[in-house]
Amino acid sequence: MRGEIYRNMSLYKLSQCFLPDTSDARRRSREIDAMLKRDRRMPPVVITLEGSDRGGISTFLKQMRLINGKEYNHKEVLEFREVIYDNIIQGMGVLVQERKKLGIPLHNSTNEMHEMLFESLDWRVTLEPCTFQPYVEAIDSLWKDSGIQEAHRRRSNFKLYESVKYFFNNIHRIGQLNYLPYNQDILYACKVRENLGDHYFELRDSPFTVIKGSVMRYILPKLGKYLDIDTPIFYIIGSSDYDKIFCGDNCLIQSMNTFECLCNSKGLLNCPIILLFNKMDLLAEKIQTSDIRKHFPEFQGDPHRQEDVQEFLVQSFQKRKGNNSRNIFYHMTTAVDTENVRKVFESIKVDIITCILKDSQLL
């Protein structure tokens, strides 16, 4: 029943954009609006988020929250401040350690003393502004050193949060005693154990629930309580991960393998899939120094031209779709860019509407 009401609501309300504007359609739309307001028990439309853990799922969820007007309260902001301090300290600690492993010399010998701060750090200490401030000068000096910069350039060989560059570049602002994170800082913050449970929000008076979990083991049982099985699936891909290795496998190939399993899951054949090729900002930066052909010899085109790399990524995932006729859409995203995510989300709504119209044989 809920699925039928939602389908009717979508068809009639959105027909004003795609079909002739009639008084009957407007009347039916008002009737459905009134019905939804009367029935407060109406379950929300469900969207599922899938993809690699490092593809940007948590950032996308934070953006959806902010775009829909739900600001973080003071307690949450303080929690993110601690996370940001931890990201910075651990990030510099990793770069110091890896610089030595790679045998990269420091340009400034005085930075050897600064490196000792991170080698002797007690990671159990909870950082506050007053305890973090003594590290600011050392972080700033190390980040400007060509030796640390070179280690950062080779980060595909070890695990490092991509967000540390943003934090290092803003270290003097973050290091102030009265520092409270901006929304942009929060988007870059990486929690080790992020709570990616169900998220409820409203968009233009329409309720949505976003859930995240493993498709094969968790998604189908979760969707059961929402009655409909044709929920849109957002599959988020870390586009800049083409040169990263995790647990012995290429991260992008791991993402393709999971996507292939998703496409061939019989229980999800009616679900439209929206591919979000995320981290476009990092991809634009990485293709200038990391040749995709070293990891994907089949690549044809200019490895330093972003459009060529994007086309290759789209084609690579399309090949994994197989012969099934499911609806698949794709968008290029930068999850830390609020305006970009806002525009992409508007475009995604059109994708979902198109699926509804096709299913109803109106398109």
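I looked up the linked charged residues and found R155, E162, K165, D241, K244 and E285 joined in a network of salt bridges. I note that the model is predicted. My search of the whole structure returned 20 salt bridges.

Entry on E285 and R155. I find their side chains meeting in a salt bridge, at 3.7 Å from N to O. I placed E285 in helix 14 (residues 280–286) and R155 in the loop between helix 8 (146–153) and helix 9 (164–169), so the pair ties together parts 130 residues apart in sequence. I list E285 as partly exposed, because its relative accessibility is 30%. I list R155 as buried, at 9% relative accessibility.

Entry on K244 and E162. I record a salt bridge between these side chains, 2.7 Å from N to O. I located K244 in the loop between strand 4 (233–238) and strand 5 (245–246), and E162 in the loop between helix 8 and helix 9; the pair links distant parts of the chain, 82 residues apart. I checked accessibility and found both K244 and E162 buried.

Entry on R305 and E307. I find a salt bridge here, with the closest N and O atoms 3.9 Å apart. I list R305 as partly exposed at 39% relative accessibility, and E307 as partly exposed at 45% relative accessible area.

Entry on helix 4 and helix 7. I looked up the packing of helix 4 (residues 74–102) with helix 7 (residues 136–143): the angle is about 45° and the axes are 11 Å apart. I therefore class the two helices as oblique to each other. I record their crossing as left-handed. I traced the contact to I88, I89, M92, L95 and V96 of helix 4, and to I139, L142 and W143 of helix 7. I sorted the residues of this contact into 8 nonpolar, no polar and no charged.

Methods: Residues numbered from 1 in each chain as written. Predicted model: local features only at pLDDT ≥ 70, side-chain atom pairs only at ≥ 80, totals over all residues. Heavy atoms only, no water. Axes fitted to C-alpha atoms, helices over the stretch in contact; angles between N-to-C directions. Helix = DSSP H or I, 4+ residues; strand = E, 2+ residues; numbered from the N terminus. Parallel < 35°, antiparallel > 145°, perpendicular 65-115°, else oblique. Left-handed = near helix turned anticlockwise from the far one by under 90°. Contact = heavy atoms within 4.5 Å. Nonpolar A, V, L, I, M, F, W, Y, C, P; charged D, E, K, R; others polar. Salt bridge = Lys/Arg side-chain N within 4 Å of Asp/Glu carboxyl O. Buried < 20%, exposed > 50% of the residue type's maximum accessible area, 1.4 Å probe, protein only.
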